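User: Please take a close look at one helix and the helices packed against it. I would like a connected account.

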Amino acid sequence: MRPWACLCVGTMLVASSCTHPGSTHLPVLSATADSVEMGMATLQGMSADSSEAIRTRVETKMNDLVWLMQDSLVDFSVEEAQIMGDWVRVKRFLKDGPERLNALDAEGKRCLDQLNNLQAAIRQGAEVDADGTAMDEAYFARQVQREIEAVNAWRATLADTKRMVEAGTLLEGTTRASMDSLILRKRAEWAQKIAATE
């Protein structure tokens, strides 16, 4: 937690109408908080539970195929291998999707809390943080830069996660019927060859 997030009881407040140290940073802090709010709205459109369900479905069907591939009685064509390749890609896209979405949600909330606490410290004219460090202009400049960098990193991870989850979800949806059909055909082929050898 940043030191200004929990100002000590003895923090001194400037009781004057003059501009407080850090006031010039309030517009950028507000704009940065707005960008996090927008990112959180985007995040709400991506369900971790939905991603987990897709990932589980893909893993289950891939396990079926791996089992069939281990039997020398079952052959796969180039076209069938391409379908399997698509689902390998889906699995890669969604490998850690649910975990990343949950982590992004927690980090986004943390970023907002830090931005709001920093703005409050500036507006209240706080002079000393919880660690006893003087909260002057240089202090606020450093902390504002730190928060902006944290938000930029969060937004970059969000954009990358959104791309991966959307790509995996789309590919799974467009190839699911082909995968189901492939598994059914290969199970039938396996059963027929087993019956022929008995």
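Which residues in α4 and α5 meet?

Analyst: The model is predicted. On the α4 side, the residues that meet α5 are Gly97, Arg100, Leu101, Leu104, Glu107, Gly108, Cys111, Gln114, Leu115, Leu118, Ala121 and Ile122. Their partners in α5 are Phe140, Gln143, Val144, Glu147, Ala150, Val151, Trp154, Thr157, Leu158, Asp160, Thr161 and Val165. By class, this contact of α4 with α5 divides into 14 nonpolar, six polar and four charged residues.

As for geometry, helix α4 covers residues 97-123, and its axis comes within 10 Å of the α5 axis, with a crossing of roughly 155°. Angles over 145 degrees count as roughly antiparallel, so α4 is roughly antiparallel to α5. The crossing of α4 past α5 is left-handed.

Helix α5 itself runs over residues 137-197. It has 61 residues and reaches 84 Å from its first C-alpha to its last, close to the 90 Å expected at 1.5 Å a residue. There is a bend of about 50° in α5 at Thr175.

Thr175 is also one of the α5 residues that meet α3. Others in α5 include Met164, Leu171, Met179, Leu182 and Lys186, while α3 contributes residues including Glu80, Ile83, Trp87, Val90 and Phe93. In this contact of α3 with α5 there are 10 nonpolar, three polar and eight charged residues. Helix α3 spans residues 78-93, and the axes of α3 and α5 come within 8 Å and cross at roughly 145°. Here too the crossing is left-handed.

Technical notes
Residues numbered from 1 in each chain as written. Predicted model: local features only at pLDDT ≥ 70, side-chain atom pairs only at ≥ 80, totals over all residues. Heavy atoms only, no water. Axes fitted to C-alpha atoms, helices over the stretch in contact; angles between N-to-C directions. Helix = DSSP H or I, 4+ residues; strand = E, 2+ residues; numbered from the N terminus. Left-handed = near helix turned anticlockwise from the far one by under 90°. Contact = heavy atoms within 4.5 Å. Nonpolar A, V, L, I, M, F, W, Y, C, P; charged D, E, K, R; others polar. Expected span 1.5 Å × (residues − 1). Bend = angle between axes of the 7 residues up to and from the residue. Parallel < 35°, antiparallel > 145°, perpendicular 65-115°, else oblique.
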